[in-house]
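Good morning, everyone, and thank you for making time for this. I would like to walk you slowly through one protein model, moving from the overall picture to a few single residues.

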Amino acid sequence: QKRIVYENSTYSANDANMEHQRSGLDWNLDNWIYMTYEPIRFRFANGILKADTMINGAGGQWGLTHDNYGRLFYSSAGGEVPIQRFQINPKYGSLDFKDQYDPEFVGVWPVISTPDVQGGLPRLRPDSTLNHFTASCGQSIFRGNALPADLIGDYLVCDPVGRIIRRAKLSNLKGKTVTKNAYDQQEFIASSDMNFRPVNTYTGPDGNLYIVDMHRGIIQQGNWTKPGSFLRKVIDRMGLAKNIGHGRIYRLVHDGYKSAPKPRMLEETPSRLVRYLDHPNGWWRDNAQKQIIVLGDKSVVPMLKQIVMGNRASLSAKPSHLARIHALWTLEGLNSINKDILLAAMDDSDAQVRKAAVWISENFIRSNDQQLLKKLASLTTDPSYDVRSQLLFSLSYNQGSMAQEISRKLISENQ
């Protein structure tokens with residue numbers, strides 16, 4: 001049975017090109033489901049999705065992903081931008097820096113000539129290979145545990161026109177995230193198969209990397225392949241229209257890989273799901289959090305609070321910082337967060353736990369809770385740029401004198 005959960009005349013269904021349609025629907029760490037293109041996000045509550053409008057949205061096209069700490073990553077195929085809007089959460093607005101990647105980052109390095117590019121000759125090198133991202137899509141942050149640890153946290157993005165997949169290293173430079181190609185004038189994956197059209201990447205439940213390949217001759221939409229167009233001439237000359245209906249899924253594994261247990265989360269009890277919040281594979285952590293919230297079983301609240309406090313609870317070892325972060329957000333998703341837990345988490349030894357606690361505290365900030373505001377004031381000298389940045393964003397929800405004074409101090413001391 002289908003039912004409409006959100007309808008708005010401004011953001012109604014449209015018949016625009018595919019890249020101008022909404023995509024993504026990524027359940028982020030903060031329990032909001034984000035999408036591309038429109039300033040709208042959704043939250044699952046009482047069996048339905050509830051919509052929330054944002055300041056100006058995130059933009060982006062053809063894909064959306066997040067990292068271990070809830071940072072969202074967008075891209076824009078039409079704008080030829082392989083990564084964007086990843087500095088701050090879109091609910092606070094949009095922010096991109098000119099130097100968040102160097103000019104060479106947008107250049108691509110295929111191993112095959114690229115005659116079928118919409119940009120035509122200006123988008124080709126002298127050797128007829130693509131010179132610039134033109135169809136970025138299907139991005140992901142690798143968060144698995146079955147490939148070399150050096151890959152964990154890297155950004156992967158496809159370009160099906162160039163028949164390549166980019167791997168990028170992310171770095172935190174005083175609170176600003178910057179990215180760089182992992183290889184010098186090379187790509188993570190580049191194919192000489194004219195029909196290789198990678199459009200999505202995922203971390204799988206087995207901890208490996210999965211790649212969706214349309215394996216199709218034509219990748220552009222009908223608007224750009226009409227009779228007489230540049231692309232139609234290429235398509236007809238090379239017979240690209242003949243290869244349809246094939247599609248492949250690849251799994252990238254490492255030498256010596258041994259099969260992992262298959263997930264059966266829909267059959268698990270909430271208390272069992274809590275254990276997965278400390279799994280080394282982000283796929284398991286995300287889906288355990290999501291399933292606990294969907295079930296709405298608050299019997300696990302005491303266990304979650306113990307994890308936040310650093311106690312083992314039902315875990316096999318002392319909870320990692322990732323387990324503590326997921327426990328915090330699971331409590332938030334169950335509407336079971338309280339001020340005492342947040343105050344304790346703000347003293348955590350890990351900066352990302354402290355950042356999560358500030359982020360989650362926004363309802364208390366809105367209500368002008370003086371005890372919490374005093375605690376937040378002590379974080380203006382936190383050694384982490386991420387914590388201080390989050391503090392500034394979250395304080396924007398309170399226009400009171402104390403909150404504004406904390407904000408002014410943050411700004412003046414971080415010029």
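This is a predicted model: local features need pLDDT of at least 70, side-chain atom pairs count only at pLDDT 80 or more; totals for chains, interfaces and linings use all residues.

Is Ser128 buried, partly exposed or exposed? At 33% relative accessibility, Ser128 counts as partly exposed.

Let me now step back to the whole chain. The protein chain holds 11 helices and 15 strands, and because its radius of gyration of 23 Å is close to the 22 Å that the globule rule gives for 415 residues, it is as compact as a globular protein of that length. The C-alpha trace spans about 70 × 50 × 45 Å along its principal axes, and 51% of the 415 residues count as buried. If we take the contacts between residues at least 6 apart in sequence, 58% of them join residues at least 24 apart. As for charge, the mean positions of the 50 positive and 41 negative charges are 2 Å apart.

Next, some helices. Helix H3, residues 282-295, has 14 residues and reaches 20 Å from its first C-alpha to its last, close to the 20 Å expected at 1.5 Å a residue. Its buried residues include Trp284, Arg285 and Asp286, and what covers the buried residues of H3 includes strand E1 (26-27), strand E5 (65-66), helix H2 (270-275) and helix H5 (321-333).

How many of the 10 residues of helix H7 (residues 351-360) are buried? The count is 9 of 10, so H7 can be called mostly covered, given that buried means under 20% relative accessible area. Among the elements that cover the buried residues of H7 are H5 and H10.

Val387 lies in H10 and, at 0% relative accessibility, counts as buried; leaving aside neighbours within four places in sequence, Val387 is in contact with Ala351, Arg354, Lys355 and Asp382. Val387 and Gly175 are 212 residues apart in sequence, and yet 8.9 Å apart in space, C-alpha to C-alpha. Phe393 also lies in H10, which runs over residues 385-395, but with a relative accessible area of 23% Phe393 is partly exposed. Not counting residues up to four places away in sequence, Phe393 touches Ile88 and Tyr92, while Phe393 and Trp359, 34 residues apart in sequence, are 8.5 Å apart in space, C-alpha to C-alpha.

That is where I will stop, and I am happy to take questions.

Technical notes:
Residues are numbered from 1 along each chain as its sequence is written. Side-chain values use heavy atoms; hydrogens and water are left out. Helices (H or I, at least four residues) and strands (E, at least two) are DSSP runs, numbered from the N terminus. The radius of gyration is taken over C-alpha atoms; the globule rule is 2.2 Å times the number of residues to the power 0.38. Buried means under 20% relative accessible area, exposed over 50%, partly exposed in between (1.4 Å probe, protein chains only). Contact means heavy atoms within 4.5 Å. Lys and Arg count as positive and Asp and Glu as negative; His and the chain ends are not counted. The place of a charge is taken as NZ of Lys, CZ of Arg, CG of Asp or CD of Glu. The expected span of a helix is 1.5 Å times one less than its number of residues.
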